[in-house]
Amino acid sequence: FMRLLGLCMAAGKVVSGEQAVSIALNKGRAALVVLDAQSAPATQQRAAAMCSRRGVDLLIVDADVGKMVGHEGRKLAAVTDAGFAKALLSAHGGQMQ
């Protein structure tokens with residue numbers, strides 16, 4: 001899963017950070033949102049609300065999302081390619097929150 005997310009990042013198919021994810025969701029570009037399980041409860045609530053409003057899957061992972069996408073400290077990322085999103089869901093076992 002971590003390598004696949006890194007590949008998505010290298011391909012330019014990931015945005016990270018709450019503001020960038022929000023913009024991607026609002027523009028209909030996000031196919032999947034990945035959230036660090038260690039993020040603050042308020043961040044988790046905002047991410048869940050944003051994804052719910054846009055009908056985008058939210059995947060909560062027990063991993064450092066910022067480290068996986070090369071931006072330490074970030075807790076939220078959006079995959080903007082449907083094929084990569086499907087592959088990530090499959091690699092994670094298809095378990096969404």
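**Exercise 1.** Is Arg46 buried, exposed or partly exposed?

*Solution.* This is a predicted model, and the values are computed from it. Arg46 has a relative accessible area of 39%. Buried means under 20%, and exposed means over 50%. The value lies in between, so Arg46 is partly exposed.

**Exercise 2.** Find the salt-bridge partner of Arg46, and say what the pair ties together.

*Solution.* Step one: name the partner. The side chain of Arg46 meets that of Glu18 in a salt bridge. Step two: check the distance. N to O is 2.4 Å, and the cut-off is within 4 Å. Glu18 lies in helix H2 and Arg46 in helix H3, so the pair ties together parts that are 28 residues apart in sequence. Step four: look at accessibility. Glu18 is partly exposed, with a relative accessible area of 30%.

**Exercise 3.** Describe how helices H2 and H3 pack.

*Solution.* Two packed helices are described by the angle between their axes and the distance between the axes. Start with the angle. H2 (residues 18-26) and H3 (residues 41-54) pack at about 10°. Angles under 35 degrees count as roughly parallel. H2 and H3 are therefore roughly parallel to each other. Next, the distance: their axes are 10 Å apart. Then the handedness: H2 passes H3 in a left-handed crossing. Now list the residues in contact. H2 supplies Glu18, Ser22, Leu25 and Asn26. H3 supplies Thr43, Arg46, Met50, Cys51 and Arg54. Finally, sort them by class. The contact has three nonpolar, three polar and three charged residues.

**Exercise 4.** How many salt bridges does a search of the whole structure find? Describe the one formed by Asp36.

*Solution.* The search finds two salt bridges. One of them joins the side chains of Asp36 and Lys75, at 3.6 Å from N to O. Asp36 is in strand S2 (residues 32-36). Lys75 is in the loop between helix H4 (65-69) and strand S4 (76-79). The pair is 39 residues apart and links distant parts of the chain. Compare their accessibility. Asp36 is buried, with a relative accessible area of 3%. Lys75 is partly exposed, at 31%.

**Exercise 5.** Where is Leu89 found, and what distance separates its C-alpha atom from that of Leu32?

*Solution.* Leu89 is found in helix H5 (residues 82-91). Its relative accessibility is 16%, so Leu89 counts as buried. Leu89 and Leu32 are 57 residues apart along the chain. Their C-alpha atoms are separated by 8.7 Å.

Conventions
Residues are numbered from 1 along each chain as its sequence is written. This is a predicted model: local features need pLDDT of at least 70, side-chain atom pairs count only at pLDDT 80 or more; totals for chains, interfaces and linings use all residues. Side-chain values use heavy atoms; hydrogens and water are left out. Axes are lines fitted to C-alpha atoms, for helices over the stretch in contact, and angles run from 0 to 180 degrees between N-to-C directions. Helices (H or I, at least four residues) and strands (E, at least two) are DSSP runs, numbered from the N terminus. Angles under 35 degrees count as roughly parallel, over 145 as roughly antiparallel, 65 to 115 as roughly perpendicular and the rest as oblique. A crossing is left-handed if the near helix is turned anticlockwise from the far one by less than a right angle, and right-handed if clockwise. Contact means heavy atoms within 4.5 Å. Ala, Val, Leu, Ile, Met, Phe, Trp, Tyr, Cys and Pro count as nonpolar, Asp, Glu, Lys and Arg as charged, and the others, Gly among them, as polar. Buried means under 20% relative accessible area, exposed over 50%, partly exposed in between (1.4 Å probe, protein chains only).
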